[in-house]
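Thanks for asking me to look over this one. Could you open it beside this note and follow along point by point?

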Amino acid sequence: MLQVTIEKALNKQIRIEAESSQIYLSMACWAEVQGLEGVAQFMFAQSDEERAHMLKLVKYVNERGGHAQITDLSAPKTTYSTFKEMFEELYKHELFVSNSINELVHITLGEKDYSTHNFLQWYVAEQIEEEAQAKTILDKINLIGEDRGGLYLFDRDIQQIAIANPAV
């Protein structure tokens, strides 16, 4: 049985994961209308992955005797000046999600809920990968600079990431 404190914290994370899915979906839409097919495909896949993360939390809360709460979401940003700006925001968002997961882990230790602590270790490892991927993408964007040919190749390369890493 989940403690009320843990259930509330997990429900907060459910909302964060749902909003993450929406953020990626909005980014996908922007990229698609900009002609960045590879970036759009990557973002659509990321949106699906974030939704899967949310559903994993929902199932856990419900299976542990809690009640997963689905709430209103904040509307994501819909336009960006550049694709670089979009990826910078993506990276900042992943850092935010990592901090949220870390806070959740901290709460489980304080409440001595070792089952939930163990469950969250998957999210901790996942966030390490998400941050590293976002940082690597930003590094590549910085290498490209204003080179349009580089942008074309980047768009093709990132499409391969989406193909190689289908949603969890």
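1. **Ground rules.** This is a predicted model, so to speak of provenance first: local features need pLDDT of at least 70, side-chain atom pairs count only at pLDDT 80 or more, and totals for chains, interfaces and linings use all residues. Residues are numbered from 1 along each chain as its sequence is written, and side-chain values use heavy atoms, with hydrogens and water left out.

2. **The main core.** A nonpolar core here is a set of buried Ala, Val, Leu, Ile, Met, Phe, Trp, Tyr and Cys residues joined through side-chain atoms within 4.5 Å. Buried stands for under 20% relative accessible area, exposed for over 50%, and partly exposed for values in between, with a 1.4 Å probe and protein chains only. The largest such core holds 23 residues, and V39, M43, F83, M86, F87 and F154 have the most contacts inside it. At least two of its residues come from each of α1 (4–33), α2 (37–63), α3 (83–110), α4 (114–144) and α5 (148–164). Helices are DSSP runs (H or I, at least four residues), numbered from the N terminus.

3. With contact taken as heavy atoms within 4.5 Å, V39 touches A31, M86, F87, F154, D155 and I158, leaving aside its neighbours within four places in sequence.

4. How many salt bridges does the rule give? The count is five, where a salt bridge is a side-chain nitrogen of Lys or Arg within 4 Å of a carboxyl oxygen of Asp or Glu. R15 and E19 form one of them, at 3.1 Å from N to O. These two residues are four apart in helix α1, which means about one helical turn separates them. R15 is partly exposed at 31% relative accessible area, whereas E19 is buried at 17%. K135 and D139 make another salt bridge, at 2.9 Å from N to O. K135 and D139 are also four residues apart, here in helix α4, and so about one helical turn separates them. K135 is partly exposed at 39% relative accessibility, and D139 is partly exposed at 37%.

5. Salt bridges with shared partners join K77, E85 and E89 into one network. K77 is partly exposed, with 36% relative accessibility, while E85 is buried at 17% relative accessible area. As background, side chains of opposite charge can pair when their charged atoms come close.

6. **The largest pocket.** On a 1 Å grid over the protein atoms alone, a pocket is an open set of points with protein on both sides within 12 Å along at least five of seven lines, a cavity is a set where a 1.4 Å probe fits but cannot get out, and lining residues have an atom within 4 Å of a point. Grid points are joined across faces, edges and corners, and a volume is the space filled by probe spheres set on the points. The largest pocket has a volume of about 320 Å³. Its lining has 15 residues, and T82, F83, E146, R148 and L151 are the closest to its centre. α3, α4 and α5 each supply at least two lining residues, and α4 gives the most, with three. By class, the pocket lining has six nonpolar, five polar and four charged residues. Nonpolar covers Ala, Val, Leu, Ile, Met, Phe, Trp, Tyr, Cys and Pro; charged covers Asp, Glu, Lys and Arg; the others, Gly among them, are polar.

7. **The cavity.** There is one cavity of 30 Å³ or more, and the largest cavity has a volume of about 30 Å³. Which residues line the largest cavity? They are Y24, F42, Q46, L90, E94, E130, Q133, A134 and I137. α4 gives the most to this lining, with four residues.

8. T108, in helix α3, is buried at 0% relative accessible area. Leaving aside its neighbours within four places in sequence, T108 is in contact with I6, D113, T116, H117 and L120. K112 lies in the loop between α3 and α4 and is exposed at 60% relative accessibility. The phi angle of K112 is near 55 degrees, a positive value in a residue other than glycine.
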